[in-house]
Amino acid sequence: MVVVEEVTKLSERRTQTSSEAFPDDSLASIRSAVEAVPASVFDGSTKHTEVGGFDAAIADGLSQYEYEGDAAGGYNPNCKLWSHQGFNYSVDLYDADARIAIEVEKSERKNVSDDLLKFQKGYRTQKDGRPKIEFGCLVVPVNYLGRHNLYQHSLTKLDFMKGVLFIDDVAVIGYRDPRPD
């Protein structure tokens, strides 16, 4: 099973109190889904490659979420939150009722800033009088190539952007990548 080492919420790091905090029960469910992923999902891949099955395994534990990879052709239209505006961006997992988006990162190849911008854009995009994304969750490794901590990098980005990041809350879950360095 994958080990979760750290969990932090933006609401714990900022002084603004007018926003809602990430719902504890939802965060616990996401954490449990990450922890339920068997380490064998990483078998046969090296640290320099992404593990596509990781996202799918997390999605298996979160049945109320739409999963980007569920649809034929690889992209679930329910995760493409801005297609009506002509943008082809999507989130990895999305719960439209709870307004929670999850981005799962397995390496440093993708910039965490892009994920935070998606959360921001989702908060600014309305559906039925509410933001499409009220809460964002980053799932990132605490170890990458043995020396890079994408979890700590994510917290640094959050601290840097918190003054201009208009969203109710963002949670960061740091997991240990079980592959040898």
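In the largest nonpolar core, which has 27 residues, the members that touch the most others are I30, F54, I58, I102 and V139. Helices α1 (24-35) and α2 (52-60) and strands β4, β7 and β8 each contribute at least two residues to this core. The model described here is predicted.

**Nonpolar cores**

- I30 has contacts with F22, L62, Y65, I100, I102, C137, V139 and I173, when neighbours within four places in sequence are left aside.
- Two of these partners, I102 and V139, are themselves among the residues that touch the most other members of the largest core.
- A separate core of 23 residues lies apart from the largest one, and C79, F119, L138 and Y151 are among its members.

- Strand β7 covers residues 135-141, and seven of its seven residues are buried, so the strand is largely enclosed by the rest of the structure.
- In a regular strand, side chains alternate between the two faces of the sheet.
- V139 belongs to the group with the most contacts in the largest core, whereas L138 is a member of the core of 23 residues.
- Strand β4 (residues 100-104) pairs with β7 in the parallel sense through five bridges, and V104 is the residue opposite V139.
- Strand β8 (residues 169-176) also runs parallel to β7, to which seven bridges join it; the partner of V139 in β8 is I173.

**Helix α3**

- Helix α3 (residues 112-124) has 13 residues. The distance from its first C-alpha to its last is 19 Å, close to the 18 Å expected at 1.5 Å a residue.
- Its buried residues are V112, S113, D115, L116, K118, F119, Q120 and G122.
- These buried residues pack against strands β4, β6 (130-131), β7 and β8, and against helix α4 (150-161).
- One of them, F119, is a member of the core of 23 residues.

- N143 is located in the loop between β7 and α4.
- Its relative accessibility is 7%, so N143 counts as buried.
- A polar atom of the N143 side chain lies 2.8 Å from the backbone nitrogen of D177.

**E66 in strand β2**

- E66 is part of strand β2 (residues 66-67), and with a relative accessibility of 31% it counts as partly exposed.
- Not counting residues up to four places away in sequence, E66 touches N76, N78, C79, D92, L93 and Y94.
- The E66 side chain makes a polar contact of 2.8 Å with the side chain of N76, and a polar contact of 3.4 Å joins the side chains of E66 and N78.
- The C-alpha atoms of E66 and A96 are separated by 8.2 Å, although these residues are 30 residues apart along the chain.

**Cysteines**

- C79 is buried, with a relative accessible area of 0%, and C137 also counts as buried at 0% relative accessibility.
- With sulfur atoms required to lie within 2.5 Å of each other, the count of disulfides is zero.
- C79 is among the members of the core of 23 residues and is touched by E66, while C137 lies in contact with I30.

Technical notes
Residues are numbered from 1 along each chain as its sequence is written. This is a predicted model: local features need pLDDT of at least 70, side-chain atom pairs count only at pLDDT 80 or more; totals for chains, interfaces and linings use all residues. Side-chain values use heavy atoms; hydrogens and water are left out. Buried means under 20% relative accessible area, exposed over 50%, partly exposed in between (1.4 Å probe, protein chains only). Helices (H or I, at least four residues) and strands (E, at least two) are DSSP runs, numbered from the N terminus. Two strands pair if DSSP finds at least two bridges between them. The expected span of a helix is 1.5 Å times one less than its number of residues. Contact means heavy atoms within 4.5 Å. A nonpolar core is a set of buried Ala, Val, Leu, Ile, Met, Phe, Trp, Tyr and Cys residues joined through side-chain atoms within 4.5 Å. A polar contact is a pair of N or O atoms within 3.5 Å; within protein, one must be able to donate a hydrogen and the other to accept it, and residues adjacent in sequence count only if both atoms are side-chain atoms.
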